[in-house]
Amino acid sequence: MLRLQRINFISEDAGSLMADDEKSALFRQLVQQADPWLVLERMRTLGFWPEDEDVPDEPPPVVAERLRLEDELVRLRSEGVTVADPDLALQKERVHRWHESKKRRALARVDRETARLQRAAAWAEQRASSLVHAGDEHSAGLEDRTSDIARLAAHGLPELHTVAELAVAMELTISRLRWLTYHRRSVTLVHYHRYTIPKKTGGVRNISAPKPALAEAQLWILARILDRIEPSAQAHGFVVGRSTITNATPHVGRKVVVNLDLEGFFPTVDFRRVKGVFRRLGYSEAVAITLALLCTEPPRVQARLDGRVYHVALGERVLPQGACTSPALTNLICRRLDRRLRGLAAHLGFTYTRYADDLTFSGDDLPKLGGLLGVVRRVIAEEGFVENAAKTRVMHRARRQEVTGLTVNEAVKLSRRERRRFRAVLHNVARRGLEAENRGDHPRFRAYLQGMTAFVQSVDPERAEKWRAALARALHGPTD
């Protein structure tokens with residue numbers, strides 16, 4: 001009752017003698033010291049609390065905290081009564097708190113280690129189920145895993161959305177696929193055998209032949225994807241059912257034949273253009289990036305450092321000359337080039353065909369030839385290719401007209417020079433034997449002669465029996 005009276009005194013009698021801030025502070029102090037039920041009763045009397053409304057229950061967190069504080073207060077009071085040496089008690093409390101802190105730190109370490117192991121397991125699972133990084137400059141877009149189903153179905157291509165699905169289709173693990181595709185500027189192991197072969201026109205040709213693991217993956221891409229896309233009607237190189245003969249036939253008997261050569265044909269086609277082919281077919285960015293990495297490789301040079309040999313990239317990833325996928329990809333990339341040049345040639349009264357990097361035009365309207373060549377060169381540049389001007393030839397009917405090594409003045413024939421050269425080879429083999437005549441150390445010289453004979457027979461079927469007899473005499477053995 002004393003506390004309640006003090007509250008009454010403050011609120012009624014002394015209230016008029018004190019400032020508002022002083023009254024509020026004193027009131028809060030007295031309320032904290034007073035019994036809550038007495039405070040509630042006084043609030044009802046003064047009209048601050050409804051007469052028929054009880055005090056609301058405390059929230060569970062408040063109740064739990066209050067109970068903890070009360071227990072702690074009881075413990076401290078009991079220790080204060082029984083402790084004879086305050087310094088010793090303080091030291092014990094510090095040791096107790098140190099042990100508690102040590103336990104909390106140990107539990108925190110366990111939690112951190114558990115979280116780390118969970119993250120590591122999740123990362124390992126993600127790496128085992130998808131390709132999250134493909135090397136510098138070629139990883140952007142791997143998160144796009146949605147292919148165009150309708151477009152793939154229209155082309156009759158396998159429906160693949162993710163790299164994991166591609167790996168399953170190719171019967172490879174993700175780690176194996178990552179090993180074949182990961183791009184590094186400097187590596188100690190490459191997936192290609194590199195060597196050079198001489199060109200007929202001089203110089204050497206750089207060959208990059210894929211090693212067995214990569215070659216098998218490229219064969220899958222060729223059979224399941226690239227070979228299912230029909231190239232343009234003007235493309236005759238590396239197309240089933242077409243050959244140098246079909247490439248030369250449309251140009252027989254024309255007044256003028258023009259040959260143009262594209263310089264650095266395969267190296268001109270870079271990673272971006274190859275990826276674009278697979279994207280246009282309907283594949284997601286992730287699948288297109290992976291397929292393009294399997295089909296491209298940068299030119300590299302060997303360097304030695306600290307006793308180790310490194311293969312250092314000299315430029316961007318391009319189509320390697322030696323991969324089975326490179327010819328098919330160039331035919332698909334050149335479809336727009338072929339379409340533009342075909343339309344241009346037809347408009348000017350000319351015929352156009354292409355065998356790999358050899359472009360051939362023929363026609364009878366000679367005054368339009370200059371305009372044709374000017375626009376053709378512009379189209380070639382716009383399509384991202386470079387003309388090898390040193391190999392451009394304009395052949396009139398008065399001289400020998402050749403298309404991909406075949407004469408087309410009157411009919412498609414092997415040139416007289418080539419016929420004589422091959423006939424001489426067969427004659428010498430018949431006299432001295434295969435080994436003696438194999439001056440170039442051809443690994444399969446017999447098969448080469450048989451293939452060449454079949455080709456000559458297909459070009460000139462009228463002399464078929466004569467060539468077969470010459471081959472039989474050559475393979476029978478020396479006559480001396």
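Helix α12 supplies the largest share of the lining of the second largest pocket, six residues. This is a predicted model, in which local features need pLDDT of at least 70, side-chain atom pairs count only at pLDDT 80 or more, and totals for chains, interfaces and linings use all residues. Residues are numbered from 1 along each chain as its sequence is written, and side-chain values use heavy atoms, with hydrogens and water left out.

**Glu387**
- You will find Glu387 in the loop between α16 (369-382) and β9 (393-396); helices (H or I, at least four residues) and strands (E, at least two) are DSSP runs, numbered from the N terminus.
- Glu387 counts as buried because its relative accessibility is 18%, and buried means under 20% relative accessible area (1.4 Å probe, protein chains only).
- Not counting residues up to four places away in sequence, Glu387 touches Leu260, Asp261, Glu263, Arg377, Ile380 and Thr392, where contact means heavy atoms within 4.5 Å.

**Nonpolar cores**
- A nonpolar core is a set of buried Ala, Val, Leu, Ile, Met, Phe, Trp, Tyr and Cys residues joined through side-chain atoms within 4.5 Å.
- The largest nonpolar core has 66 residues, and those touching the most other members are Ile221, Ile225, Leu226, Phe278, Tyr283, Phe361 and Phe385.
- Helix α13 (residues 285-295) gives the most to this core, with nine residues.
- Ile225 touches Leu157, Trp220, Phe278, Leu281, Tyr283 and Leu291, again leaving out residues up to four places away in sequence.
- A second, separate core has 23 residues, including Ala248, Phe445, Met452 and Trp467.

Key
Buried means under 20% relative accessible area, exposed over 50%, partly exposed in between (1.4 Å probe, protein chains only).
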